[in-house]
Structure formats: structure tokens, C-alpha cells
Amino acid sequence: MTAPQPLIAGNWKMNGLGASLEEARAVAAGLGDTPARVAICPPSILIHRMASALGGGPLLIGGQDHHWDDAGAFTGDVSAEMLADAGASLVILGHSERRAGYRETDELVASKVKAALKYGLEPIVCVGETLDERKAGKALEIVTGQVRGSLPSELAGKTFSVAYEPVWAIGTGLTPTTPEIEEVHRAIRATLVEMFGEAGKRVPILYGGSVKPGNAAEILHADEVGGALVGGASLKAADFLGIIRAL
Ligand code: PGA
């Protein structure tokens with residue numbers, strides 16, 4: 001069984017203006033012969049401009065979220081088809097900032113995953129426990145429950161990844177220990193194999209939460225870590241490239 005090709009995705013969140021395309025350009029120019037697939041997920045309003053500037057190159061472009069429905073009266077929302085039309089090929093779904101701030105449930109995330117697949121977007125589905133859940137010894141139960149509930153059976157045979165992002169590690173500078181990361185990633189792997197059989201062994205399981213150039217090598221080389229989802233450190237090309245080069 002060949003290991004999945006690693007994926008390193010930058011999540012710009014609600015950061016970036018037109019001038020930030022220079023950072024993306026610098027990332028694309030600096031990729032060299034990295035063994036990873038590398039993506040930047042900018043705010044949706046920048047996707048088209050980024051795709052016009054860099055589309056067709058080695059840097060993949062992704063969205064950060066989309067609506068579950070195809071089209072209609074959903075003021076302020078964007079659809080999966082719109083992201084694909086603008087030039088995205090991937091999308092982050094179920095990020096904890098969406099689960100916590102917009103009350104997204106596993107069922108809702110699963111319906112968004114189906115919409116992504118319908119329009120050819122490769123989903124990066126995020127899961128992760130809160131600090132209280134970890135302290136209560138429930139991290140594995142919460143995370144594997146989110147994997148079961150957020151990944152619809154339609155993913156069978158499709159390309160997708162799962163991102164383990166402990167909520168307490170996002171944007172805090174805190175990270176789990178390597179054995180803690182490995183424990184959760186192994187549990188996610190077992191769940192993926194339960195759900196998708198042999199194909200579940202080839203799904204990259206990304207780690208996210210305060211990944212930086214200084215800790216990337218240890219995290220990226222941990223057992224069952226198939227890449228990273230990077231927030232703050234993806235905003236500057238030098239930092240993001242430092243993480244990519246740590247692979
Ligand atoms: P962070 O964010 O790298 O800034 O901790 C990660 C994420 O939310 O994807």
C-alpha cells in the first residue's frame with residue numbers, strides 16, 4: 001500500500017486583500033520539488049483573482065466553506081459550484097470556527113461534503129475536540145464520532161482528506177505532544193478503514209493547530225500524519241514555505 005501523497009493547505013481565514021496575492025505568488029515560486037500537494041484557501045472573494053494569476057501552476061486553490069444547497073435565496077452565502085467556477089479545486093469543510101460560530105453539525109457538514117463532490121471540489125473535512133472534552137478523556141470518542149457523522153458514504157472512491165484540529169490548539173500557540181497527535185490520527189485511520197475499507201488507508205490525515213516552521217518537521221513526520229492545515233503561519237510566504245520544506 002503506497003502512502004497517500006501529503007497535502008499541506010493554508011487557511012487564510014478572513015485575512016487577505018488583493019495585495020496578498022504576492023504572498024501566494026511567492027509560495028508558488030518557492031515550491032521547488034516538494035513531495036506535497038500544496039494549497040492556499042483564501043477568502044472566497046480572492047479565489048478568482050488568485051486563479052487568474054496562478055491557475056494551472058503547482059499551487060492548488062481552495063475555498064474555506066460553502067453552502068450545502070446548489071443555489072437560491074441564501075443571502076451572503078456562496079455555493080460549491082461558485083467556488084469551482086471561480087477556480088477552486090478543494091474546499092475546507094467543518095472547520096471548528098464554523099462548527100462553533102455557526103452551529104454547524106456533523107449532519108450539516110456531511111451535506112456540504114455532498115455538495116462539494118457534486119461540483120468536483122476535493123473536501124478537507126475538519127474534526128477536533130475542545131479542551132474540556134480532552135480533559136474529560138473524550139478526545140478519541142468526539143473525534144471519531146465527528147469522522148463518522150461528517151463523512152457521507154458518497155466519499156467512497158473520491159479524493160478527500162481529514163484534518164485533525166484540536167480546537168484548543170488553533171491560533172493559541174499550543175500543540176498536542178507528538179504521541180497525542182499520533183493517538184488521534186491512528187483512531188481516525190481505524191475509523192476511515194472501517195468506513196471505506198482499503199481506500200480508507202490512502203486518505204491523508206492532516207494535522208492543524210499552531211503549525212509553524214519550528215514545529216513542522218516533528219509534526220509532519222509523526223505516524224499517520226499526512227500533511228498539515230495551517231492558519232496563521234500560511235499568511236506569510238516565508239513561514240508557509242518553511243513548513244512545506246520541513247516535509
Ligand atoms: P492556526 O490555525 O495554524 O492559526 O492555529 C489552523 C486552522 O484553524 O486551520
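**A tour of cysteines and charged pairs**

Start by selecting cysteine 126, which counts as buried at 1% relative accessibility (buried is under 20% relative accessible area, exposed over 50%, partly exposed in between, with a 1.4 Å probe and protein chains only). You're looking at a predicted model, where local features need pLDDT of at least 70 and side-chain atom pairs pLDDT 80 or more, while totals for chains, interfaces and linings use all residues. Residues are numbered from 1 along each chain as its sequence is written, and side-chain values use heavy atoms, leaving out hydrogens and water.

How many disulfides does the structure hold? There are 0 (a disulfide is a pair of cysteine sulfur atoms within 2.5 Å).

Now for salt bridges: the structure has 17 (each is a side-chain nitrogen of Lys or Arg within 4 Å of a carboxyl oxygen of Asp or Glu).

Pick lysine 13 and glutamate 97, whose closest N and O atoms are 2.8 Å apart. Lysine 13 lies in the loop between β1 and α1, and glutamate 97 is in helix α4, 84 residues apart (helices, H or I of at least four residues, and strands, E of at least two, are DSSP runs numbered from the N terminus).

Hop to arginine 25 and glutamate 22, a salt bridge at 2.4 Å. They're 3 residues apart in helix α1, about one helical turn.

Last, select glutamate 122 and arginine 37, paired at 2.7 Å. This pair links strands β5 and β2, 85 residues apart.
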